[in-house]
Amino acid sequence: MKIKSTFSQSLISWYKKNARSLPWRKTKDPYKIWISEVMLQQTTVNAVIPYYERWVREFPSIADVSQAPLQKILKLWQGLGYYQRAKNIHKSAKIVCDGYAGQLPEEAESLRRLPGFGPYTTGAVLSIAFNKRYPIIDANVRRVIMRVLAIKGCADTTQDKRILEFLHQTMPHRDIGIFNQGLMELGALICRNRQPLCLLCPVKQNCAAYRKGVQEIIPTPKKRNIQDIAAAIGILERNGHYFIQKRPSHGLLADLWEFPGGKLGEGETALQAIRREIKEELGCELEKAEHIMNLRHFYTSFRVHLYVFRCKLKSYPSGDQTHQWVTLKELSNYPMPSGNAKLVARLESENSVERIGLSPGGISKSCR
Ligand code: SF4
């Protein structure tokens, strides 16, 4: 027990001296802590900062989120990925406004009923915002505790039972939010995935992996299986308006907007694919397609290679709720998958698709 209290004291005093100054650490507002914790599940701290700052500027309170159209929510989330999480924030904000006067409830049972509140988000909000005694496990915490306890194997949820047991025994009765944040910060700054900085570590006396010299092989490195996907995209432009369509409300990248196109079939060229996709998706015949650029985008488990064509059709689809013709300026209001958003940025930087076609030195070159 003494070892366990040394562990938490050392961790807490290290965190108080060494924690990075981050925007969401300057607030006690449970709403802002909730938003930051959901965003931090997506990507790195540095990548989250501008998203977080933009979000709280646009939506200073839960009521502002609840009243915003979903399209605006998704637009502010664009690039973070896992769009279902943004939709869950939107749904939860409405429930909190209707049932809890716009304030997040402080009880675990009530929080867990809100969309998107799994064990991690619930524990993070309860411990950091309300200082309640709930442990949390993210990738950093899992790695740190696996090393502290010298648990061999892959860093996955099968380890969490032992980790939770340790956390329940070790967690202090005050400074709970600091203890949880300290573990995550230790994982991010000191007990890093590769080359942990054990000599600087405040809990090295309590660390079995360090004592045994096995910290570099715990946890077992994951083998990443990155899939390559090739897709063709068609830019349809008429009178300064571009055609975009909304993805279905379920499945991958649901409710985002995109240019028409899709994956290349087996043995199919990009040109054949765009001809087929335009026929299948829009019921229109391609008259001419000019390959104007290539784009690449990396997701967590796949890499997308996009072949972009400027297309002329024999006849054009008309607009409706899920198919729209919009100006280049208006395009930036629509939430899009990152590859499409990159394309819009390219179009904006060149100012018009016509200039792309006319300028062989412009973006009609292959761009990555
Ligand atoms: S001593 Fe090394 S391996 Fe152990 S917790 Fe600290 S940084 Fe991680």
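The legends below describe a predicted model in an overview and several close-up views. Local features need pLDDT of at least 70 and side-chain atom pairs count only at pLDDT 80 or more, while totals for chains, interfaces and linings use all residues. Residue numbers start from 1 along each chain as its sequence is written.

**Figure 1. Overview of the protein.** The protein has 16 helices and seven strands. These are DSSP runs numbered from the N terminus (helices: H or I, at least four residues; strands: E, at least two). The C-alpha trace spans about 80 × 50 × 30 Å along its principal axes. Of the 368 residues, 34% are buried. A residue is buried if 20 or more other C-beta atoms lie within 10 Å of its own, exposed if 12 or fewer, and partly exposed in between, with C-beta atoms placed from the backbone.

**Figure 2. The shell around the ligand.** The ligand is surrounded by 14 residues, and the closest are C191, C198, C201, C207 and Q215. Helix 9 (139-148) and helix 12 (208-212) are the elements that give two or more residues to this shell. Helix 9 provides the largest share, three residues. By type, the shell residues are eleven nonpolar, one polar and two charged. Ala, Val, Leu, Ile, Met, Phe, Trp, Tyr, Cys and Pro count as nonpolar, Asp, Glu, Lys and Arg as charged, and the others, Gly among them, as polar.

**Figure 3. Packing of helix 2 and helix 8.** Helix 2 (residues 30-40) packs on helix 8 (residues 119-130) at an angle of about 140°, and their axes are 9 Å apart. Helix 2 is therefore oblique to helix 8. Angles under 35 degrees count as roughly parallel, over 145 as roughly antiparallel, 65 to 115 as roughly perpendicular and the rest as oblique. Axes are lines fitted to C-alpha atoms, for helices over the stretch in contact, and angles run from 0 to 180 degrees between N-to-C directions.

**Figure 4. Helix 11 (residues 176-189).** Twelve of the 14 residues of helix 11 are buried, so this helix is largely enclosed by the rest of the structure. Among the buried residues are I176, F179, N180, Q181 and E185.

**Figure 5. Helix 15 (residues 338-350).** Buried positions in helix 15 are G339, N340, A341, L343 and L347.

**Figure 6. E109 in helix 7.** E109 lies in helix 7 (residues 108-112). E109 counts as exposed because it has 8 C-beta neighbours inside 10 Å. From E109 to V344 the C-alpha to C-alpha distance is 43 Å, and the two are 235 residues apart in sequence.

Methods
Near = placed C-beta within 6 Å.
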